[in-house]
2 protein chains.
Amino acid sequence: MNTNPYDVDKISKIFREYLMEQGLRITTERKTILEHICRVHGHFDVDMLREMLEEDNFHVSKASIYNTIELLMNACLVVRHQFSTQVVQYELKSAAMGHHHVICSYCGAVREIRCDAVARLVKDVKITRFSYEYYSLYIYGMCSKCRFRLMNDKKDKNK
Amino acid sequence: MNTNPYDVDKISKIFREYLMEQGLRITTERKTILEHICRVHGHFDVDMLREMLEEDNFHVSKASIYNTIELLMNACLVVRHQFSTQVVQYELKSAAMGHHHVICSYCGAVREIRCDAVARLVKDVKITRFSYEYYSLYIYGMCSKCRFRLMNDKKDKNK
DNA sequence: ATGTATGCAAACCATTTGCAATGAC
DNA sequence: GTCATTGCAAATGGTTTGCATACAT
């Protein structure tokens with residue numbers, strides 16, 4: 001029933017319309033960057049995106065990547081995540097809407113889970129003087145790897 | 001029924017115990033920084049905290065503030081928020097647990113709301129190989145001020 | 001033809017790091 | 001007395017900015 005969250009044609013069309021509406025130009029860079037974002041099925045950061053583009057022999061400056069991501073966020077097509085310090089990651093909004101993020105506070109690993117009950121409830125939260133666009137739910141805790149490592153560290157200490 | 005989320009004595013005790021447990025030292029700086037954090041009823045950032053301390057004639061280097069906040073996060077007493085770019089804010093975990101964040105994507109204004117139904121549901125989400133510590137829910141959209149401003153801008157254009 | 005968008009390099013600024021001096025234990 | 005912690009200043013690195021050139025309209 002759900003439509004593909006990575007549908008390039010659909011997403012590119014929305015971006016084109018947004019740019020025209022705002023009187024901004026539809027450049028090769030902007031189009032190509034968005035196309036590559038749609039190919040990443042998951043999170044991405046500026047460097048990763050740049051490498052992908054470079055591998056495709058498409059050279060863009062970092063400044064243009066930042067510029068384009070900014071526009072995509074304004075167009076509500078991309079959302080920003082900052083799970084830990086120093087690492088800013090982005091994600092297509094259409095993809096982000098389908099899951100929540102489970103983050104290990106110790107190693108920083110990020111996992112995605114679905115929970116439609118939570119999703120439904122959050123969308124129905126009534127907020128006065130505010131028009132809802134989207135939400136991010138980050139659940140923090142300790143992953144099994146870190147728990148295991150911690151247990152072993154304690155054992156070693158007691159020896 | 002709820003206990004005061006800003007209870008200095010209780011929070012300081014937990015921090016002291018954490019430090020001893022980890023073989024770390026209980027310094028005047030660490031104690032004083034935490035005491036000031038408990039006085040902020042809301043979010044704070046490193047500079048704000050430093051100003052507060054300075055006003056109290058307590059001089060600490062930024063490095064020590066960063067160091068102490070790091071420890072407080074490891075002790076699960078403080079959580080980090082990054083609502084928009086460039087501004088990292090922190091909050092006492094005991095305070096953060098009582099509310100969700102409503103953020104305007106346009107002006108960056110942050111509001112807090114309570115919704116116990118969501119809180120209960122999220123805490124009960126079953127996650128395999130993971131021990132839950134806390135969660136953050138960020139709801140993004142447009143606040144009434146920005147909506148109003150946008151409407152006026154459009155009117156002006158059409159003139 | 002006009003003026004926005006790009007690329008590049010320099011600037012910025014929050015955070016981190018290195019090291020000598022201090023102070024907790 | 002020992003060694004972790006602090007303060008200071010320098011280093012780091014992601015993001016932003018300024019400006020000449022390229023190109024969308």
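The expected span of a helix is 1.5 Å times one less than its number of residues. This is a predicted model, in which local features need pLDDT of at least 70, side-chain atom pairs count only at pLDDT 80 or more, and totals for chains, interfaces and linings use all residues. Residues are numbered from 1 along each chain as its sequence is written, while chains are lettered from A and ligands numbered from 1 in the order in which they are written. Helices (H or I, at least four residues) and strands (E, at least two) are DSSP runs, numbered from the N terminus.

**Helix H1 of chain A**
- Helix H1 (residues 8–21) of chain A has 14 residues and should span 20 Å at 1.5 Å a residue, which agrees with the 20 Å between its end C-alpha atoms.

- Six strands form an open sheet with mixed pairing, in the order E4(A)-E3(A)-E5(A)-E5(B)-E3(B)-E4(B); two strands pair if DSSP finds at least two bridges between them.
- Strand E4 (110–113) of chain A and strand E4 (110–113) of chain B are the edge strands, each pairing on one side only.
- Strand E5 (residues 130–143) of chain A runs antiparallel to strand E5 (residues 130–143) of chain B, and 13 bridges join them.
- In E5(B), B:Ser131 is the bridge partner of A:Met142, and B:Gly141 is that of A:Tyr132.

**The contact between the chains**
- Chain A and chain B each bring 28 residues to the contact, where two residues count if their C-beta atoms, placed from the backbone, lie within 7 Å.
- On the side of chain A that touches chain B, E5(A) gives the most, with 14 residues.
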